[in-house]
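These are my notes from going through one chain.

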Amino acid sequence: MRTLTVLFTLLALRYLAVLLGELRTVRFLRDGRVHSVDREEPAVYVVIPVLREQHTIEGAVAHFTSLPYPALELVVVTTAREGDGVGTTAEVVRQLASRYHFAWLHYPEEEGAKADQINFAVDWIAARVGNRMEQTFVA
């Protein structure tokens, strides 16, 4: 499971690097965040669907929330398929939400795959950004 998380992180970072590589000149502020000089950054949403990944999700959340791109938003999608209770991924994500800034969605169906969680998140993002969806990247 850890190998998959690392692989997903590397692929997502490569994808973001390609997307962000075409961005313009940037400057660094004292807080270390990157801000555009020429124009507004496009919104980038990184969606992480999770199922029984309570031991690896904190590292992924910490990594993506520390990236210095101000228009990046992390969306973690847990699922009812895992069940409720202590020690579930949803419980771990609930605790992480108090320490990190990210969107947490809970896919309510007990059936389905991670693709269903991703579609659930994309629908949420589309409703949130409205007519700016064409200027929004989802990874």
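Entry on charged pairs. I began with Glu 58, which forms a salt bridge with Arg 99; their closest N and O atoms are 2.3 Å apart. This pair links distant parts of the chain, with Glu 58 in helix H2 and Arg 99 in the loop between helix H3 (89–96) and E5, 41 residues apart. I looked up accessibility for both: Glu 58 is partly exposed at 36% relative accessible area, and Arg 99 is exposed at 52%. I note here that the model is predicted.

How many salt bridges does the count come to? I get four salt bridges. Another one of them joins the side chains of Lys 114 and Glu 53, at 2.4 Å from N to O. Lys 114 belongs to helix H4 (residues 114–129) and Glu 53 to the loop between E3 and H2, so this pair ties together parts 61 residues apart in sequence. Lys 114 is partly exposed, with a relative accessible area of 33%, whereas Glu 53 counts as buried at 9%.

I also found Arg 128 and Glu 73 meeting in a salt bridge through their side chains, 2.7 Å from N to O. Arg 128 lies in helix H4 and Glu 73 in strand E4, so parts 55 residues apart in sequence are tied together. Is Glu 73 buried or exposed? Its relative accessible area is 15%, and because the cut-off for buried is under 20%, Glu 73 is buried. Arg 128 is partly exposed at 43%.

Entry on the sheet. I traced four strands forming an open sheet in the order E5-E4-E3-E6, with parallel pairing. Strands E5 (103–107) and E6 (136–138) stand at the edges with a single partner strand each, so one side of each has no neighbour in the sheet. Neighbouring strands are turned by 25° against each other on average, direction ignored.

I then followed E3 along its partners. Six bridges join E3 to E4, and the two run parallel. On the E6 side, the bridge partner of Tyr 45 is Val 138. Pro 49 has Val 77 in E4 as its bridge partner. E3 and E6 pair in the parallel sense over three bridges. From E3 the chain crosses through H2 to E4, and this β-α-β crossover is right-handed. E3 is mostly covered, six of its seven residues being buried.

Entry on the helix. H2 lies across E3 and E4 and runs at about 160° to E4. Which residues of H2 (residues 57–65) are buried? I listed Ile 57, Ala 60, Val 61 and Phe 64. Seen down the axis of H2, its buried residues fall within an arc of 100°, so they line one face of the helix.

Entry on two single residues. Thr 78 lies in strand E4 (residues 72–79) and is buried, with a relative accessible area of 1%. Leaving aside neighbours within four places in sequence, its contacts include Val 50, Val 93, Trp 104, Tyr 107 and Gln 117.

Arg 52 is found in the loop between strand E3 (43–49) and H2. I checked its phi, which is near 55°, a positive value in a residue other than glycine. Arg 52 is partly exposed, with a relative accessible area of 47%.

Terms used: Residues are numbered from 1 along each chain as its sequence is written. This is a predicted model: local features need pLDDT of at least 70, side-chain atom pairs count only at pLDDT 80 or more; totals for chains, interfaces and linings use all residues. Side-chain values use heavy atoms; hydrogens and water are left out. Buried means under 20% relative accessible area, exposed over 50%, partly exposed in between (1.4 Å probe, protein chains only). Contact means heavy atoms within 4.5 Å. The arc is that of the directions from the helix axis to the C-beta atoms. Two strands pair if DSSP finds at least two bridges between them. Axes are lines fitted to C-alpha atoms, for helices over the stretch in contact, and angles run from 0 to 180 degrees between N-to-C directions. A crossover is right-handed if, with the strands pointing away from the viewer, the path from the first strand over the helix to the second runs clockwise.
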